[in-house]
Amino acid sequence: MLALILGVLLLAVTACGSGGGSEPGSGSEDGNGKESSRAETEQSQAVVSIAPKDGAKSVDTSGALEVGAAKGELTKVEVKDAKGGRIAGKITGNGTTWTPTTHLAAATTYTVHAVAKDSEGREAAEDSSFTTLTPENTFSGNFTPEDGSKVGVGMPFSIRFTRGITNPADVEKAISIKTEPAVEVEGHWFGNDRLDFRPEEYWKEGTKVTVALNLDGVEGRDGVYGKQDKTVSFTIGRNQVSVVDVKKLTMKVMQDGKVVKTIPVTTGKPGMETWNGQMVISERLTVTRMNGATVGYTDADGKGEYDIKDVPHAMRLTTSGTFIHGNYWGGGAFGNYNASHGCIGLRDVRGGYDSGVPAAWFFNHSMIGDVVTVKNSNDATVAPDNGFNGWNMSWEKWKA
């Protein structure tokens, strides 16, 4: 009986050990061989590449980032900074290349996620991260008008850079301007450190202007990078343009094209004539000191031909020193003869306390950005960069 039981158990063990019907390592057409082959055919043939390599440091802010696809086409590329801000870009080369359409910020870590499909629609993905360079030398821009301000219809958006710019196209590309209502706005460089933006004609009353200064990481000149990332908004006020006729010795103040007041004036005397042309009010001072020596008008002893410490109601029209201002010492010159050193004078009182005099009225009804146009002077037209006076340049030259 015991021998019979042992024989049955031995048969059972033998049956369990030989259930596969093949030797170990011999393979099987119906087993692992076909499963392995099927896995290989299901894997995407697309290969995603990302430059710079994962973990790279001190990466250039322009020209270094590129995503590619071999044996397939890119379908998705996302580049984000640590705050989730995305870098815009575009896919070209029939889906084989993605490049950013803007520069990257300096000293910033970015993550990249890219997906590509092969001809069978199978996807492959790649992820990477890198950090951009920290610049040793930087530049910024001092701009006007101020954020949140209301200005006249002649006010350009002007930005003066702290370093001379040798890559102007890259800097200008990094500044975008949107307006409501929409109007074409173009930039013009005066030298290598000043860039002004304006429309073809004066701004329309009520226009809202928003300027995005995306300068962080822009290489303005070799080894010098921008450090600003700021948005500035301002609004255009009522339309006021004043026309000074040197021959008639009058100024017509117009709002929306209609004359609201005519004021007698005195302008530059012979040999010191006032500039012709369109000039924009860039500064308003209730009282200021005017010394001829600061603008080249001196006596034989080198002192200024005039030194008036309390000029009231003064508004700057040019960088070189042309003002439209109150004048309490002019006697009967207003409306009768030209007696100034190039400025436009309006009758005033010493101390500027009388709000009823022409200078005070004009000061109180003016704002930065208003236009004062001078005509019929014997002098030349004011230079476009002498103040915010680019309106004296044709639209074609401005855009060029």
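Buried means under 20% relative accessible area, exposed means over 50%, and partly exposed is in between, with a 1.4 Å probe and protein chains only. Strands are DSSP runs of E, at least two residues, and helices are runs of H or I, at least four, numbered from the N terminus.

A word on the source: this is a predicted model, local features need pLDDT of at least 70, side-chain atom pairs count only at pLDDT 80 or more, and totals for chains, interfaces and linings use all residues. Residues are numbered from 1 along each chain as its sequence is written, and side-chain values use heavy atoms, with hydrogens and water left out.

Back to F161. Not counting residues up to four places away in sequence, F161 touches F139, S140, G141, V171, I175, W189, D193, R194, L195 and L215; contact means heavy atoms within 4.5 Å. In soluble globular proteins, nonpolar side chains tend to be buried together.

Next, the aromatic pairs, of which the structure holds nine. Rings of Phe, Tyr and Trp (its six-membered ring) pair if their centres lie within 6.5 Å; planes under 30 degrees apart count as stacked, over 60 as edge-to-face, and the rest as tilted. F157 and F234 are stacked, at 6.3 Å centre to centre with 10° between the planes. Because F157 is in strand β12 and F234 in strand β19, this pair ties together parts that are 77 residues apart in sequence. Both F157 and F234 are buried. For F190 and W398, the ring centres are 5.9 Å apart and the planes lie at 70°, so that pair is edge-to-face. F190 belongs to strand β14 (residues 186–190) and W398 to helix α5 (residues 395–399), so here the parts tied together are 208 residues apart in sequence. F190 counts as buried at 11% relative accessibility, and W398 does too, at 1%. One aromatic cluster is formed by F143, F157, W203 and F234.

What does I324 touch, leaving aside its neighbours within four places in sequence? I324 is in contact with M251, H313, A314, M315, L317, I344, L346 and F362. I324 sits in strand β26 (residues 323–327) and is buried, with a relative accessible area of 0%. Between I324 and L346 there are 22 residues of sequence separation and 7.5 Å in space, C-alpha to C-alpha.

Last, the chain as a whole. The protein chain has five helices and 28 strands. Of its 400 residues, 42% are buried. Among contacts with a separation of 6 or more, 64% are between residues 24 or more positions apart.
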